Amino acid sequence: WRRSGSMGRADFIDKKPNTVLIIVAAAVRAQNYVWTNNADAAVKFAAAAQLKPADAVTAVKAFLDYGLR
């Protein structure tokens, strides 16, 4: 559930550009999953965030309203 962006030290980014690419690609893939598989994303989010399933569904639906794709 990445909503606040990512940060990295300049020296790390310079030394490990492929690692940075993998991290960014994974974040994009996960966010796209929320858009294309809402119900399953809510199940996974509930487990990861230790939420009640209904609360996770509410959060995912809210994200679809305000999230930027």
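**Before starting**

This is a predicted model, in which local features need pLDDT of at least 70 and side-chain atom pairs count only at pLDDT 80 or more, while totals for chains, interfaces and linings use all residues. Residues are numbered from 1 along each chain as its sequence is written, and side-chain values use heavy atoms, with hydrogens and water left out.

**Stop 1: the whole chain**

From the N terminus on, the elements run α-α-α-α. The radius of gyration is 14 Å, well over the 11 Å that the globule rule gives for 69 residues, so the chain is more spread out than a compact globule. This radius is taken over C-alpha atoms, and the globule rule is 2.2 Å times the number of residues to the power 0.38. Along the principal axes, the C-alpha atoms fill a box of roughly 45 × 25 × 15 Å.

Colour the chain by accessibility next. Of the 69 residues, 14% count as buried (buried means under 20% relative accessible area, exposed over 50%, partly exposed in between, with a 1.4 Å probe and protein chains only).

**Stop 2: helix 3 and helix 4**

Two packed helices are described by the angle between their axes and the distance between the axes. Select residues 38–49, which form helix 3, and residues 53–66, which form helix 4. They pack at an angle of about 125°, with their axes 8 Å apart. Axes are lines fitted to C-alpha atoms, for helices over the stretch in contact, and angles run from 0 to 180 degrees between N-to-C directions. Helix 3 and helix 4 are therefore oblique to each other (angles under 35 degrees count as roughly parallel, over 145 as roughly antiparallel, 65 to 115 as roughly perpendicular and the rest as oblique).

Now show side chains. N38, A41, A42, F45 and A46 in helix 3 meet P53, A56, V57, A59, V60 and L64 in helix 4; contact means heavy atoms within 4.5 Å.

**Stop 3: the loop at Q50**

Select Q50, in the loop between helix 3 and helix 4. Most residues other than glycine have a negative phi. Q50 is not a glycine, although its phi is positive, at about 55°. With a relative accessible area of 75%, Q50 is exposed.

**Stop 4: helix 2 and helix 4**

Helix 2 and helix 4 pack at an angle of about 100°, with their axes 10 Å apart. That makes helix 2 roughly perpendicular to helix 4. Q31, V34 and W35 in helix 2 meet V60, F63 and L64 in helix 4.

V28 counts as partly exposed, at 44% relative accessibility. The C-alpha atoms of V28 and A47 are separated by 20 Å, and the two residues are 19 apart along the chain.

**Stop 5: L64**

Finish in helix 4 by selecting L64. Which residues does L64 contact, leaving aside its neighbours within four places in sequence? They are V34, W35 and N38. L64 and N38 are 26 residues apart in sequence and 8.8 Å apart in space, C-alpha to C-alpha. At 24% relative accessibility, L64 counts as partly exposed.

Conventions: Helices (H or I, at least four residues) and strands (E, at least two) are DSSP runs, numbered from the N terminus.
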